Amino acid sequence: MLVQALIKPNTYFDSVSLMSLSTKANQIDGVEQAIIAMGTEMNKEVMKNVGLMTPEVEEAGASDLIIVVKAETEELFENAFLSINELFTKRDSGKKGKSDIKYSTISSAVENNPDANLAIIAVNGAYAAREARKALENNLNVMMFSDNVSVEDEIALKNLAHEKGLLMMGPDCGTAIIGNTALCFANAVRKGDIGIVGASGTGSQEVSVRIHEFGGGITQLIGTGGRDLKEEVGGIMMLDGIQALEDDEETKVIVLVSKPPAPSVEEKVLAKIKTCKKPVVVWFIGGDEEKITAAGGHFAKMSKEAALKAVLLAGADESKLNKRALNIPLIEDVRTKLKPEQRYIRGLFSGGTLCDEAMHAAMEKFDNAYSNIARNPEYRLKDRYTSQEHTFIDFGDDEYTQGKPHPMIDPSTRLDRFMQEAKDPSVGVIVMDFVLGYGAHEDPVGAFLPAIMEAKLLAEQEGRHLEIIGYVLGTELDPQDYEEQINKLLAAGVTHASSSQNAGLLAREFVVKGE
Amino acid sequence: MLKTVSGDVEFLQKLNSSKFTGSVHSTFNRTFNIKCHQNGELYTIACRNVDNGPNTLIIDVDNIRPMEIAVNDQVFTKKNILHIGNKLAISFKNVNKWVSVVPGYPSNEEILNQNLKKLKKFIDIHGKSGGIKKHELPNSLFEAKMSSMLELRTNLLLDELAEDRMSSALEHAISIIGLGPGLTPSGDDFLVGLFTSFSMLNGPFYGRRSFCEDVVSKAKTLTNDISWMALQKASTGKVRESIILLLNALLGENEADLFLSLNKVLNIGSSSGTDIALGLVGGLEANIKAGGKVYVSTSID
Amino acid sequence: MSKINELFKGKPNVINVGIESFKEDLAKQGAEVIHLEWTPPGRGNHALIAALDKFENPAIMQKIEEANKLAVERIINSHPILIGYDQAINCVPGMTKKTILHAGPPITWEKMNGPMKGAVTGALVFEGLAKDLEEAAELAASGEITFAPCHEHNCVGSMAGVTSASMFMHIVENKTYGNIAYTNLSEQLAKILRMGANDQSVIDRLIWMRDVFGPILRDAMKLNPEGIDLRLMLAQALHMGDECHNRNVAGTTLLIQALTPYILQTDYTIEQKKEVFDFVASSDYFSGPTWMAMAKCALDAAHGIENSTIVTTMARNGVEFGIRVSGMPGNTWFTGPAQKVVGPMFAGYKPEDSGLDIGDSAITETYGFGGFAMATAPAIVALVGGTVEDAIGFSTKMKEITTTQNPNVTIPLLDFMGLPTGIDVRKVVQTGIMPVINTAIAHKEAGIGMIGAGITYPPVEAFEKAMLALNENIH
C-alpha cells in the first residue's frame, strides 16, 4: 500500500466543502483512504501516528491544504489526484453573474436590462451613428466617443434626441460626468451644485477640477462634442444641456465651456442665457466679454476664473479661498536664469483646450505664437514636425494621432517631440500638461520622468537653464495618485503649475522680456 | 453598489477613520476575507444569512460566489465605499453597528447548571461528530486517532482548568491548536468556545484572561490565519453573535430560546459549531468547578 | 420630468459599445454597466448597412414587423399531426417514378458530392431503374432523371435526403392551416443510403422497409383516426432531455409508444411486428425524420408572407447551404458554400474524412429546436464538444436573432423559456450571429456513411444575399 500527498498552498475551503470533498474523495475508485485537512502541526502529528506521513506533508504549513491518498498502485494515484482536482475545480465554477451575459445589440441589452439609461458609443465612426440612433430609439441617453461621424448624422441624431428629450453627447465627446460618475475621460470630483456644459473635453475637465479644488462640486458635466456650436449643428446639445441643468433642482450655477461659437449659434446661446433663471458663467476661449455680459452671462476669460466665478455664485466665501495667485518671485528668478537667446515657449499638450488656453495667454503679449490648432491660418504651424518661435501643439489633434491612441494614453509622440524641443537653444520654457482621471494613463508623469531628467542634464552640460512647467490636471480622488504625480515633477526639477491658467501665464511671463 | 446591513463597530470605525487597503485573502460561498495592509488583520465580508462577528461586515447579498471575487483582488476605500477590485463596491453609510458583548457571570449558578445539562443532551443527539464529538464508527484510522487525541487532550485541559492549574492547562490548550478536520481545526473551535467563558464579567476565570492571551501568542504558527484570527478575537471577548446569543440563552430561563440559539451555533461550518458549543460548555463547567477555588475580585476596575 | 433629468437622479446604468476599458472604469465607480459583444453590422458592407438602415425607416419597419408577426404566429399556431404513412408516389405532389428528391437547394448530378451521388445511385438500383451502381451513375448523368429539392415538393430529407417513388413517407398534416409535409423513414444505423452508403445490405434494408416496415406503419396509422399530435410530443420529448435533432431517445420512445397499440392490431405476423420493434429499438433516430416533417409542416405555413424577413427554410445539399425567406415567395433560394461540421468523430475517422454540411434537418433549427434548444439536452453537449454552460449559451444567444418564443414548446433549464422562434434575416445580418445547427457528419466518399456528429453554422453569404433581395422587394 502506497501513500502520496498533494499540497495546495494557501488554499482555504469552508469546512462543509472540505467535508463533502473528503467524502467524495474516499469514494473514488482505487482509493483506499483519502484525507483532506489543513496542514497544521497537530494534524501532521496525527498523520504520522497513522502512517500517512510523506515528505510533502512534512513540509506543508498551517495554511496549506493537504490531500493524502492511500492506494495500491501508481496508476491509481494518478487517477485519484485527477479526480480530486476535478472535485476542487468543479466547486470554483459557480453560476455566472448577470454582467457576464453577453448581448450583441443595444435592443436586446435594453430588453433584458430595462433600467439602462445611457449608452456609450465608442466604435468606428462608420458604424457609430447607427448604434447611437438605436440607443436613442431605445430611449437611452447617448455619449458618443466616436469621431469621423458626418455632420448630417450628427444633426439627425441631435434632432432625434431633442425630440425624445434625451442627451446626445458627441460625436467626438470624450468627457462627461453624470450622476457623479465619470464617463470616458473625466476626473473624480466632488458632488456639488455646479453644472457644466462643455464643447471641449479637457476644458470641461479643467473647470471641474478647479471647482473641486475651490471646495465646490459638480452636479453634472454634459459634453456636447466639438462641433455642436458650429453653424450647421446650431448648438442643439448645448441649448438642451443648459435647459436640462436649469430644470435640475440640484444645480445652482451653470458653466459653459467652448471655443467661441459660430455667430448664429452664439446668438441662440446668448438668448438662452438671457432667459435662464440660473446664473451662467461663460468661458468661450477667446470669447467676447461685452456680448456675454450684455446677455446677463458671467464672463470668464480663463479657466480658473470660470471656476472661481462659479463657486462664488454658488455661495462660496471668497475670503476663504486660496486663489493661487502667480508666484512673482519665481517668475523673476526664472527670468534671470534664462539666457537672452532663450526666447521661446514650446507648449506640448495632450489636452486641446489646455493648449488653446496657453496659446491665448501667449497671444496677449506676443504676435508670433503658432499652433496646429490656431484659428487664424496665418498662425497655423507650417510643418507639424518643426516648431516656429512660440509654438503650441495639441497632440490630441487628428494629424498627430494617426493610427495611435490619444496622447493621454500613449505618450510616445509627445515624448519624441519633447526631446527635440529640449535640444533647441532658443527655447526658454517647455510647458506640458499631464492629465489624470478615468480613461487616462495610469502614470503620465512617470512616463516622462526619464526624458525630463535627460533633458535637464543635457541643458546643464550645454550651460543653459531649461525651464519646464508641468501641470497635473487631476484631483486627489482620481484613480492615479495626484500628489505622487506632482511630487515626481518637483523631484525632477520641474516647475509645477497649479492650474491650466497658471501654466499658460507662467510660461508667458518666464520669457517676456524688457518689462 | 451593495449596502452593508450591519457591521462590527471596530471594523466600521477603521473604515471611517483611516486609510484602509488590503487584498482578498480567501473566498467562500457566503464570506470572504480581506487581509488589511495596515495592521495585517483579517476582515470578513459576509452575506446577510451569516451572523455578525468580530471584524465582520454583513452585506445585502445571498451568495458571494457569483461576484467571482478572487484571492489577491485589491481592496480599498474611497468616499465611504469599500471597493473589492472592480467587482464589488460596498457602501458602509448608515449601517447597524454591532458590538460583541459577552454577558456577565451569574450570581446564582442554578439556572446555568440546569441549562448546561439540557444543552449537553441536545448536542449529544444533534451535534455533528467528526471533531470534538466522536464518530461512533470512524471512517478511517486517521479519524479515529484524531478523535481520541482531541478527546484526551480536551479532557486534560478542562481538568487542569477546574483545578485552577493554569500553567499545565496552557500546555494542554496548545496541544489541541490546529488539531482536527475542517478549515478551522476542531481544537481551535473548542478554544473559541472556551475563551468566551473567560470573558464573562465577574466570572471565576475573568481574572485569568491572560491564559487566553498566552494560548493565542503560542498559536500563531500552529494554525492557519483564518482560525488564528478567530482565536485572537475570542481571547479578548470578541466572538460571533450566535455564540453570544447562546451564552445569553444559557443564563436565561427560556428553553425555546436556548435550543434555537444552540441550533444556530451548531450550524456553523461542518463540525465547527459543535466544537465551539462543547468548548463553551466545557469552559462554563470548569468555571463552576473552579468557582470555589478562584479568588473573585468584586470591583473590577 | 424629462428623461435627461431622470438620468441625473442617480448613477447611470450604462450600455457600453466599443472600447472595453470604459466599462471597467464605470464598474470601478460602482455604476451598472453592460458591455456589448459588438461587431460591425453586415460585416461592414455598405450595401447591407444601407439595407438595414432602410428597414429601420418607421413606415417600412412597421410593414416588416407586421409581416413577421404574422409569420411567427403561423409557425407557433401550426399544429402538425402525424396522420399516416404511404409511398412517395402515392402522396408526394409532383412525384414520378423517375423523380429523385434530394436535400438542400437545387443541384445538378455533376455537382453533387460523394454521399449524395452514392445515395442517388443506390436509390436508382433500389427502384429497379438500374441493375447496378455503375449503370445507375450513367442513368443519373443521362438527363432522364428529374432531380429536385425535397423542399420544393413539401418534403424534407435528412442527410442526402434522397427520396424515390416507392419509399414510404411520413404524412404530417397541419391541423391549423391544412398544409401537408412529408419525409421518408429513418433507416436507423450508420451505413445507410442517406449517408451515401449503397451496398447490397443497404438496398436490402430499403426493400424490407418498402415491403414490411412501411406497410405496417401505414396500416397501423389507418387504425388511428385521431393521428398523433407531434407538437405536443415534441414538447414532451424536449422536457425529457432531447433537442430532437441529434438526440432523439425520448422522442423515439414516445413515438413508438403511441404507434405500438395500432401496430399490434395490424394483420401482419408476430415475427414481422417483432422485426419492426427490433428495428425501431436498434437506433434512437427513428423519430428524427418525424420531427423534421413536423417542423417543415409548420414553416411551410409561414412561407410567402409579403414583406416578411423570417427564414422558413435552412437546408444543405452538401455543396451549398440554402435558405428561403417568407417574404420571397416560392422557391427562391439564397445560397452560400456548405460549411464543415465540427465535432467528435467515430473511432478511426479524421476531420479530413468529413463531407461538408448536408441535409434538410436544419429545418429543426429553423423551427427552434435542435441546436437552438441545446439547453434541453445537456446529455449531448459533450457530443458537440461543449459544456452545459455552452449549451445554455447557445439557446440564449439564439434569442438575439429570432423574433419571439414559442410558448407551446419550452426549455425547462431556461426557466421554461419558449423555443427561440422566427429567425430574422435582419437580425442575423445586423449582429453577425449565425444560427447554430446540430448535425451528423457523413463521410465525404460515397458508400461509407455517418462518421461523427457536431455543430455547424450557415454561411453568412446566404443571409446577406437574402437581405439584399429583400431590400429590392420591400418598399
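Two residues are taken to be in contact if their C-beta atoms, placed from the backbone, lie within 7 Å. With that in hand, welcome to a predicted model, in which local features need pLDDT of at least 70, side-chain atom pairs count only at pLDDT 80 or more, and totals for chains, interfaces and linings use all residues. Residues are numbered from 1 along each chain as its sequence is written, while chains are lettered from A and ligands numbered from 1 in the order in which they are written.

Let us start with C:T366, which sits in helix α13 (residues 363–367) of chain C; helices here are DSSP runs of H or I with at least four residues, numbered from the N terminus. C:T366 is buried, as 30 other C-beta atoms lie within 10 Å (20 or more make a residue buried, 12 or fewer exposed, and anything in between partly exposed). Setting aside neighbours within four places in sequence, C:T366 is in contact with C:A295, C:L299, C:V311, C:T312, C:T313, C:M314 and C:I423. The C-alpha atoms of C:T366 and C:I310 are 9.6 Å apart, although 56 residues separate the two along the chain.

Next come the nonpolar cores, sets of buried Ala, Val, Leu, Ile, Met, Phe, Trp, Tyr and Cys residues joined through C-beta atoms within 7 Å. The largest has 149 residues, and A:I121, A:V142 and A:V255 have the most contacts inside it. A second, separate core of 134 residues includes C:F55, C:F369, C:I423 and C:A440.

Two helix pairs are set out below, with axes fitted to C-alpha atoms over the stretch in contact and angles running from 0 to 180 degrees between N-to-C directions.

| Helix pair | Angle | Axis distance |
|---|---|---|
| α13(A) (residues 328–337) and α19(A) (residues 500–511) | about 45 degrees | 8 Å |
| α3(C) (residues 46–55) and α16(C) (residues 460–473) | roughly 50 degrees | within 10 Å |

The angle in the chain A pair makes α13(A) oblique to α19(A); angles under 35 degrees count as roughly parallel, over 145 as roughly antiparallel, 65 to 115 as roughly perpendicular and the rest as oblique. In this pair, A:I331, A:V334 and A:R335 of α13(A) meet A:L506, A:E509 and A:F510 of α19(A). α3(C) and α16(C) are likewise oblique to each other. Here C:A47, C:L48, C:A51 and C:K54 of α3(C) meet C:E464, C:M467, C:L468 and C:N471 of α16(C).

Finally, between chains, four residues of chain C are in contact with four residues of chain B.

Technical notes. Helices (H or I, at least four residues) and strands (E, at least two) are DSSP runs, numbered from the N terminus.
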